[in-house]
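I opened my notebook to look through a structure that was new to me. Here is what I looked up, entry by entry.

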Amino acid sequence: MIDKENLANDIINLIDSQREGAYWDFKQQWYSKEKSSDMLHDIICMANNLENHDAYIIIGVTDDFELYGVEDDPNRKTTQNLTDFLKSKKFAGDFRPTVEVRPITVNEVLLDVICVKNNAYVPYYLTDKCKTELFPYHIYTRVQDSNTPKDKSADLIHVEILWQKRFHLFDSPLQKVTVFLSQKGNWINGVATENETSKYYKYAPKYTIKCQNLDGKAVATYTLTQIDKNASRCVISLWYHQTRLSWTYGVALDGGRYMTVRPSVGSFDCQEKHVFYYYLCKNSIQYKLYEFFTPDKGSKDYLASTQAIIQYTREVLFFEDEYALESFETHLRNNIQTYENYVQNIKSDVHRKTSLKVQGDNYQDDYDYRLALKEFYRSYQNNLKSKTIAIC
């Protein structure tokens with residue numbers, strides 16, 4: 001999902017276009033309970049759009065494209081509301097549209113945007129009527145500014161496009177290799193040298209992963225809390241033939257027992273201290289590589305690296321996307337005193353580790369701030385869940 005500022009700019013442009021389109025629709029008000037079938041129909045059509053684009057149901061705009069607002073709408077819903085609603089329906093293969101409610105302000109008027117994520121699990125369709133007006137095994141889509149009627153199914157040519165998307169026939173090499181990363185069992189070890197190891201995808205050997213060792217040791221709090229503090233660095237690259245598609249830094253922790261990616265770094269100010277923290281966004285290639293290199297639970301490799309994984313994830317924050325990261329950072333800035341209380345609680349714990357020192361530097365203070373942030377983040381997530389109200 002795009003960030004809040006860019007989303008607002010996109011929505012303003014769509015409103016200014018004075019029309020509805022193939023991946024956006026306007027609603028004056030939220031759907032009432034009696035209109036839940038209409039909401040489900042609209043979400044499925046948007047999820048099955050033919051534009052290969054995130055779709056938007058923009059609520060708070062009249063049929064004449066005037067701003068109406070949602071401040072006093074009694075039927076407003078949250079992301080969790082819609083997620084629970086979709087979970088209550090029987091979809092083929094248990095694949096359901098991914099949705100997110102994003103409030104934005106346009107000319108001081110509050111709007112809600114139901115963002116329907118673009119992905120490859122199309123076509124979405126029901127296998128049971130689920131007390132709705134929609135028919136099972138009917139594929140609904142959106143062509144230009146019109147949804148497939150509830151009592152009909154999409155034209156065959158449009159259904160074929162959706163299935164081609166499911167099988168990644170339209171994907172770029174980078175998109176394809178990202179899909180292949182989720183199939184860890186299909187990667188085969190390639191030729192290794194003193195400074196480099198590689199893997200190739202057995203059904204398409206032109207796709208490879210290369211790990212090139214770098215000189216020097218890796219030093220970070222997540223390396224110093226390992227049983228074996230020796231950690232080495234590398235560059236992880238994704239290749240298509242001789243073209244490098246993407247790369248990131250990697251690190252071998254606990255004396256080489258656990259290979260993973262180096263997390264991204266964020267920062268903020270607290271008590272005249274500039275705090276750095278680690279994070280991964282689940283929609284990034286970096287996170288896909290983290291999952292790829294983390295052994296499956298229950299495997300021998302996982303048992304051998306369990307403690308290394310625990311120490312690594314103890315500090316790293318995991319976000320669904322950049323928007324979730326941005327929302328958390330806003331919450332943190334608005335509640336910095338509460339976070340400082342978490343820091344003091346960590347520092348007052350008499351059972352915490354002794355100082356993390358290496359090469360004359362003391363990393364204990366940084367570590368305490370990151371542990372406190374992890375606890376603060378857990379509390380933030382729990383509060384988000386507690387604010388949701390189930391519907392249907």
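This is a predicted model: local features need pLDDT of at least 70, side-chain atom pairs count only at pLDDT 80 or more; totals for chains, interfaces and linings use all residues.

Which residues do ring pairs link into a cluster? I found Phe268, Tyr277, Tyr279, Phe319, Phe328, Tyr339, Tyr342, Tyr369, Phe376, Tyr377 and Tyr380 in it.

**Entry: the whole chain**

I looked up the overall make-up next. The protein chain has 11 helices and 17 strands. Its C-alpha atoms fill a box of roughly 70 × 55 × 35 Å along the principal axes. Of the 392 residues, 45% count as buried. I also checked contacts between residues at least 6 apart in sequence, and 62% of these join residues at least 24 apart.

**Entry: the six-stranded sheet**

I went for a sheet and wrote down its strand order. It is an open sheet of six strands, running β7-β8-β9-β10-β11-β12, and the pairing is antiparallel.

Strand β8 (residues 196-201) pairs with strand β9 (residues 204-217) in the antiparallel sense, over six bridges. Glu196 stands opposite Gln212 in β9.

Which helices pack on this sheet? I noted two, α5 and α7. Helix α5 (residues 173-181) touches β7, β8, β9, β10 (232-240) and β11 (243-253). The direction of α5 makes about 80° with that of β9. Helix α7 (residues 285-293) touches β7, β8, β9, β10, β11 and β12. For α7 I wrote down an angle of about 170° with the direction of β12.

**Entry: a hairpin**

I moved on to β3 and β4. Strand β3 (residues 99-106) pairs with strand β4 (residues 109-116) in the antiparallel sense, over eight bridges. Val101 has Ile114 in β4 as its bridge partner. The two strands form a hairpin with two residues between them. In the turn, Asn107 has a positive phi of about 50°. Is β3 enclosed or open? Six of its eight residues are buried, so β3 is largely enclosed by the rest of the structure.

**Entry: cysteines**

How many disulfides does the structure hold? I counted zero. Cys45 is in no disulfide, and the nearest cysteine sulfur, that of Cys130, is 15 Å away. Cys45 is buried, with a relative accessible area of 0%. Cys211 is in no disulfide either; its nearest cysteine sulfur belongs to Cys234, 5.0 Å away. A disulfide needs the two sulfur atoms within 2.5 Å, so I left that pair off my list. Cys211 is buried too, at 11% relative accessible area.

**Entry: tyrosines around Tyr222**

A search of the whole structure finds 34 aromatic pairs. I followed up on two that share Tyr222. Tyr222 and Tyr278 form an edge-to-face pair, 5.0 Å centre to centre with 75° between the planes. This pair links distant parts of the chain: Tyr222 is in helix α6 (residues 221-224) and Tyr278 in strand β14 (residues 273-281), 56 residues apart. Are these two buried or exposed? Tyr222 counts as buried at 4% relative accessibility, and Tyr278 counts as buried at 10%.

Tyr222 also forms an edge-to-face pair with Tyr312, at 5.5 Å centre to centre and 80° between the planes. Tyr312 is in helix α8 (residues 300-313), 90 residues apart from Tyr222. Tyr312 is buried, as is Tyr222.

**Entry: charges over rings**

I looked at two lysines sitting over rings. The charged end of Lys129 sits over the ring of Phe135, 5.1 Å from its centre. Lys210 lies over the face of Trp239, at 4.6 Å from the ring centre.

**Entry: Ala220**

My last stop was the loop between β9 and α6, where Ala220 is found. Ala220 is buried, with a relative accessible area of 8%. How far apart in space are Ala220 and Val358? I wrote down 9.8 Å, C-alpha to C-alpha, for two residues that are 138 apart in sequence.

Conventions: Residues are numbered from 1 along each chain as its sequence is written. Side-chain values use heavy atoms; hydrogens and water are left out. Two strands pair if DSSP finds at least two bridges between them. Helices (H or I, at least four residues) and strands (E, at least two) are DSSP runs, numbered from the N terminus. Contact means heavy atoms within 4.5 Å. Axes are lines fitted to C-alpha atoms, for helices over the stretch in contact, and angles run from 0 to 180 degrees between N-to-C directions. Buried means under 20% relative accessible area, exposed over 50%, partly exposed in between (1.4 Å probe, protein chains only). Rings of Phe, Tyr and Trp (its six-membered ring) pair if their centres lie within 6.5 Å; planes under 30 degrees apart count as stacked, over 60 as edge-to-face and the rest as tilted. A charge sits over a ring if NZ of Lys or CZ of Arg is within 6 Å of the ring centre and within 35 degrees of the ring normal.
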